[in-house]
Structure formats: structure tokens, C-alpha cells
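These are my notebook entries on a single protein chain. I recorded what I looked up, in the order in which I looked it up.

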Amino acid sequence: MSTTQYPCRAQVRLHASAEDAAQHFPPSTGILEATGPDQCVLITGAHSLDDIAMYLGVTDIEFTVLEPAELRSRVETIADRFYRAAQRQIRATVPSERRGI
């Protein structure tokens, strides 16, 4: 993720101070603008909106997508998929255990 040379760009409000967010988003990933003591805006870009959504999802910082609207849609789709995966029951044995691997 970065702000230059990428086809997909986004603005995201991070619910953390700019100082705390900088631990997860170094300058190479985008621009952080402090907007209050406990929030900042990240301006970033990547090859795909999914790249941005996944990176945001693993940082352990709450966020709100400001733009584009398509990124909000991708975040919702990915979140739904993860939720369904977390709700599925694991089978008693996995295929590799049945083969003796």
C-alpha cells in the first residue's frame, strides 16, 4: 500500500492516534493526518481494493472507510466471508488424518 503509482486509492479514518497508527502504517504505506487525539485519516493506495481491505483488517485498529464506496462494499463482503468461516464446525477428522499423513 502507498499513495503513488497504484490504481486504487482510499481514504480511511483510523480510530487511533496518528502516533499509534504510525506503528502499523509506516510512511511507505501512505499519509497519516491527525484529526484528533484518538483518530487520524490514512490516505493510501494499492493494486486492488482487496489489498487495502485485507491490510486494514489485520492491523487491529478500528477504522471507517471514507472513500471510495467500493472499498466499503469489499470490506463488507470479506467480513461476511470471514464470519461464515468462523461459524463453521470443523469435521471430526481432516482428510490428511484419514490418509495417515
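**Entry 1. Salt bridge.** I looked up charged pairs in this predicted model and found that the side chains of R74 and D50 form a salt bridge, at 2.6 Å from N to O. The criterion I applied is a side-chain nitrogen of Lys or Arg within 4 Å of a carboxyl oxygen of Asp or Glu. The pair ties distant parts of the chain together, since R74 belongs to helix α3 and D50 to helix α2, 24 residues apart. I then checked accessibility, where buried means under 20% relative accessible area, exposed over 50%, and partly exposed in between (1.4 Å probe, protein chains only). R74 is partly exposed at 25%, and D50 is partly exposed at 29%.

**Entry 2. Conventions and confidence.** I number residues from 1 along each chain as its sequence is written, and my side-chain values use heavy atoms, with hydrogens and water left out. The model being predicted, local features need a pLDDT of at least 70 and side-chain atom pairs count only at pLDDT 80 or more, while totals for chains, interfaces and linings use all residues. pLDDT is the predictor's confidence in each residue, from 0 to 100. Confidence is highest in strand β4 (residues 63–67), with a mean of 98, and lowest in helix α4 (residues 95–98), with a mean of 60. Where pLDDT is low, the predicted coordinates should not be read in detail.

**Entry 3. Elements.** I counted four helices and four strands in the protein chain. I took both from DSSP runs, numbered from the N terminus: helices are H or I of at least four residues, strands are E of at least two. From the N terminus on, the order is β-α-β-β-α-β-α-α. Of the 101 residues in the chain, 28% are buried. I also looked at contacts (heavy atoms within 4.5 Å): among those between residues at least 6 apart in sequence, 64% join residues at least 24 apart.

**Entry 4. Strand β3 and its partners.** I count two strands as paired if DSSP finds at least two bridges between them. Strand β3 runs antiparallel to β1, and seven bridges join them; L14 stands opposite C40 of β3. Strand β2 (residues 31–36) also pairs with β3 in the antiparallel sense, over five bridges, and E33 has V41 in β3 as its bridge partner. β2 and β3 make a hairpin with two residues between them. How many residues of β3 are buried? Six of the eight are, so β3 is largely enclosed by the rest of the structure.

**Entry 5. Two threonines.** I looked up T44, found in β3 (residues 39–46), and noted that T44 is buried at 1%. Its side chain reaches the backbone oxygen of T29 at 2.5 Å. I then turned to T59, in the loop between α2 and β4, and found T59 buried at 6%. A polar atom of the T59 side chain lies 2.9 Å from the backbone oxygen of L56. Leaving out residues up to four places away in sequence, T59 touches H24 and F25.

**Entry 6. Nonpolar core.** I define a nonpolar core as a set of buried Ala, Val, Leu, Ile, Met, Phe, Trp, Tyr and Cys residues joined through side-chain atoms within 4.5 Å. The largest has 18 residues, and L14, F25, I52, L56 and L71 have the most contacts inside it. β1 (8–14), β3, α2 and α3 are the elements that give this core two or more residues. In soluble globular proteins, nonpolar side chains tend to be buried together.

**Entry 7. Backbone exceptions.** Most residues other than glycine have a negative phi, and most peptide bonds are trans. D60 is not a glycine, yet has a positive phi of about 65 degrees. I located D60 in the loop between α2 (49–57) and β4 and found D60 exposed at 78%. Which residues does a cis peptide bond join? The bond lies between E67 and P68, with omega about 0 degrees. P68 is placed in the loop between β4 and α3 (69–87).

Terms used:
A polar contact is a pair of N or O atoms within 3.5 Å; within protein, one must be able to donate a hydrogen and the other to accept it, and residues adjacent in sequence count only if both atoms are side-chain atoms.
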